[in-house]
Amino acid sequence: MSIQVKFFASLRDKIGKSEVELSSVETTGEAWDQATDNAPRPNNVLVAINLEYARFDDPVEDGDEVAFFPPVTGG
């Protein structure tokens, strides 16, 4: 199993990496924990699986791309 994990915007800066490849994770929450060495999750972080919004307890499958990013704001 191979999962691509990506961090965007301020999360990329905070975590110190933009992309990680993981194996043997079952949920997006486990992907966060493994990719960040169990760093606490910011309260407002968003997650997506294959470009669709997801939750931290959603399952992931082989080949999925999991993305973590801060809320998008605009004006």
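**Exercise 1. Is Thr36 buried or exposed, and what does Thr36 touch?**

Step 1. Thr36 has a relative accessibility of 9%, so Thr36 counts as buried. Buried means under 20% relative accessible area, exposed means over 50%, and partly exposed lies in between (1.4 Å probe, protein chains only).

Step 2. This is a predicted model: local features need pLDDT of at least 70, side-chain atom pairs count only at pLDDT 80 or more, and totals for chains, interfaces and linings use all residues. Residues are numbered from 1 along each chain as its sequence is written, and side-chain values use heavy atoms, with hydrogens and water left out.

Step 3. Thr36 sits in the loop between α2 and β3. Helices (H or I, at least four residues) and strands (E, at least two) are DSSP runs, numbered from the N terminus.

Step 4. List the contacts. Setting aside neighbours within four places in sequence, Thr36 is in contact with Phe7 and Ile15. Contact means heavy atoms within 4.5 Å.

Step 5. Look at the side chain. One of its polar atoms lies 2.7 Å from the backbone oxygen of Trp32. A polar contact is a pair of N or O atoms within 3.5 Å; within protein, one must be able to donate a hydrogen and the other to accept it, and residues adjacent in sequence count only if both atoms are side-chain atoms.

**Exercise 2. Which residues of α2 are buried, and what do they pack against?**

Step 1. Name them. Thr28, Gly29, Ala31, Trp32 and Ala35 are the buried residues of α2.

Step 2. Look down the helix axis. The buried residues of α2 fall within an arc of 160°, so they line one face of the helix. The arc is that of the directions from the helix axis to the C-beta atoms.

Step 3. Recall the geometry. An α-helix has 3.6 residues a turn, so residues three or four places apart point the same way.

Step 4. Find the partners. The buried residues of α2 pack against β1 (3-7), α1 (9-15), β2 (19-22), β3 and β5.

Step 5. Zoom in on Thr28. Its relative accessible area is 0%. Not counting residues up to four places away in sequence, Thr28 touches Val47, Ile49, Arg55, Phe56, Asp57, Asp58, Val60, Val66 and Phe68. A polar atom of the Thr28 side chain lies 2.5 Å from the backbone oxygen of Arg55.

Step 6. Read past the helix. Asp37 follows α2 and has a positive phi, near 55°.

**Exercise 3. How many aromatic pairs are there, and which rings form a cluster?**

Step 1. Set the rule. Rings of Phe, Tyr and Trp (its six-membered ring) pair if their centres lie within 6.5 Å; planes under 30 degrees apart count as stacked, over 60 as edge-to-face and the rest as tilted.

Step 2. Count. The rule gives five aromatic pairs.

Step 3. Take Trp32 and Phe68. Their rings form an edge-to-face pair, 5.1 Å centre to centre, with 80° between the planes. The pair links distant parts of the chain: Trp32 is in helix α2 (residues 28-35), Phe68 is in strand β5 (residues 65-69), and they are 36 residues apart. Both Trp32 and Phe68 are buried.

Step 4. Take Tyr53 and Phe69. The ring centres are 6.0 Å apart and the planes are at 45°, so this pair is tilted. Tyr53 lies in strand β4 and Phe69 in strand β5, so the pair ties together parts 16 residues apart in sequence. Tyr53 is exposed at 64%, whereas Phe69 is buried at 14%.

Step 5. Join the rings. Ring pairs link Phe7, Trp32, Phe56 and Phe68 into a cluster.

**Exercise 4. Where are Asn50 and Leu51, and what are their phi values?**

Step 1. Asn50 is in the loop between β3 and β4. Leu51 is in the loop between β3 (46-49) and β4 (52-54).

Step 2. Phi of Asn50 is positive, near 50°. Phi of Leu51 is also positive, near 70°.

Step 3. Asn50 is partly exposed at 38% relative accessibility. Leu51 is exposed at 78%.

**Exercise 5. What pattern does the protein follow along the sequence?**

Step 1. Count the elements: two helices and five strands.

Step 2. Read them in order. The pattern is β-α-β-α-β-β-β.
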